[in-house]
Amino acid sequence: METKFDRNESLNCSWVLVDAAKEIIKGSTLPSEAIHTLMKYVADSLKLAALRIHQPASRRLSTQITHEILMSKLPRRLNQVIAFPESVMKNIDTSVEREYLIYDSESEENPVSGQVDEGYVTIFLKDIDEGEFQGFLEMVFEGTKRYPSERDVSVLMALKELIFEQVLQYEKKRRAGTGASEDEVLDYLSGLHRYETFVKTIDDAIPELVDENHGIVILCTDINHFKLVNENFGYRKGDELLLVAGQLASEVPGIIDACRFYSDNFIMAIRSENPNEEKIRERVESVNQHNAITLQKVVSDSQIRFNSGVYVVRDPKMDAASAISYANTARKQAKVFKGMHCVVFTDKMIEELRRSEELNNELPSAIKNHNLVVYYQPKISCDNERVIGAEALIRWRREDGSFVYPDEFIPEFESNGNIIQLDYYVYDEVFQYLRRQLDSGAYVVPISINVSRRHLENENILFYIDHLLNKYDVPPEFIEFELTESIYIENIEPAMSFITRCNHRGIKVSMDDFGSGYSSLNLISSIPIDVLKIDGVFMHRGKTLADNDKIVLNNVIRMAKELNMVVLCEGVETREQVDFLKDAGCDVIQGFYFGKPMPEKDFSGFVKEYS
């Protein structure tokens, strides 16, 4: 791609930047420290929106983002796999002179379209070492007119080489394992040991410290809604919070060792004499309360809460990895509660783990044999009580005719990422159904499909939907995406990007389960959703609607209508509820009063009858 230097606003890069970067390396004792410090220095000096390191991924024509510094509220893309066009990747070898690529969202010719941040100029600086492609240094510049001059490029390439030199040095030491120094096993964000070192320490400690009177408490803790801290206060403040949290973890009385597992997840191993479940729970919650008060000083305008899971090692033959897995399972249980909660692992959870493993093992064959069946729940217009759409829901019907209920497998697949595989199966089934209806000349209504928060970690979902739109030639107006209220709150930036891309394709987006949790009216006013789905919780508090519920519903419906949203109310089961919602101005109703979720054949008959 030819760079148009005549429209540049030169970056005015100076070789002083390179000299200062070299001094940073000299002053750093560890490659990991040097990488982080160097990247922050470069990002700050060049006033970047983001700085990312891509390294080759196992997938063909792809890279993975292995390091990232964000200086503005761009979505975090760490660990994301990026698929580059073959026209770009095929030229990556030592014989190619072009050492950089420039993406400009205003240009008609973009070499990596769809893989970068819209509204920015992004420069990909290629790195080659001994004839092998090592990756890209991705520099994201604010605005859409900041191009480098030829002189700037030489400075940027020198900075890239310095950074990649540290990356390769770090990777070499990390792969060497025991060859790393004691300091090298530290996590630079928290100051704690890395996970691998922590596990080894606990494996060594268990046979020495565990006996009939002594145990080791394995505590897994995360900071509730940590993403909101990053989004509201910036990633620098989030990093500061993690550092303080690491210091607090290392100061817990009786601590053997602690580590930052990933993101805001910490693991601690604590000595315990005559461990008693109730006393342990009280002790953990007391520690959480103390730590919350301390962390509150870092982000005074945010409420700090924890989710904690505990496993008590009482067997000297127990291995650390298993104990951590059990404690982490308990932590996931704690996340369903509000406030500061601690859950201690029980034998019942072992059965749940076994059940989870069984479901994960069965999923591939269930998809292959079409044991997973899409059901459709009708959406009814309040104006004429005719069907105007449906929501696609999954049902798991085993070979013996028994059913596995969604609340058994959906949360499990959400947690381990298998939900993406499951969703793709559902999407394909829905598109096939729509194509059959269109071919038969039947009356066709839009189908809404659910989107997991997992899909917002990368943009593959929209590439897959584009594939289905082309494969089955289904008009986009027959597709609607549903994201739950909590997804918007916890993933605001990627959610906004997702909505924008859907709008470009003519696909509507709704907010599902509004009112089920911690609704934010400010959020509603700032997100350009098409449909607001009010959670059925208001309908399920009694046979008749309470006066307070009526007041809330009336005001929410009026607010949404003034924001030009279509309003749908879920969980409608009585005629009284239908009549109230009509009078309140609700547009669409979904619930058992008109129809339960039903198989494709039954739904097609329902559409004929109610259209």
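The expected span of a helix is 1.5 Å times one less than its number of residues. Keep that handy for the first stop on this tour of a predicted model.

**Stop one: helix H15.** Select residues 492-505, which make up H15. This helix has 14 residues and runs 20 Å from its first C-alpha to its last, close to the 20 Å expected at 1.5 Å a residue. Now show the side chains: Ile492, Pro494, Ala495, Phe498, Ile499, Arg501 and Cys502 are buried. An α-helix has 3.6 residues a turn, so residues three or four places apart point the same way. Step off the end of H15 and you land on Gly506, with a positive phi near 80°.

**Stop two: the largest nonpolar core.** Next, pick Val430, Ile465, Phe481, Tyr488 and Phe603, the residues with the most contacts inside the largest nonpolar core, which has 85 residues. Colour residues 419-440 too: that's helix H12, and it gives the most to this core, with 10 residues. Zoom in on Val430. Leaving aside residues up to four places away in sequence, Val430 touches Val374, Tyr376, Ala392, Ile447, Ile449 and Ile479.

Apart from this core lies another one, of 36 residues; Ile25, Ile53, Leu125 and Leu159 are among them.

**Stop three: Lys608.** Head over to helix H19, residues 600-610, and select Lys608 within it. Is Lys608 buried or exposed? Its relative accessible area is 68%, so Lys608 is exposed.

How values were computed: Residues numbered from 1 in each chain as written. Predicted model: local features only at pLDDT ≥ 70, side-chain atom pairs only at ≥ 80, totals over all residues. Heavy atoms only, no water. Core = buried A, V, L, I, M, F, W, Y, C linked by side-chain atoms within 4.5 Å. Buried < 20%, exposed > 50% of the residue type's maximum accessible area, 1.4 Å probe, protein only. Helix = DSSP H or I, 4+ residues; strand = E, 2+ residues; numbered from the N terminus. Contact = heavy atoms within 4.5 Å.
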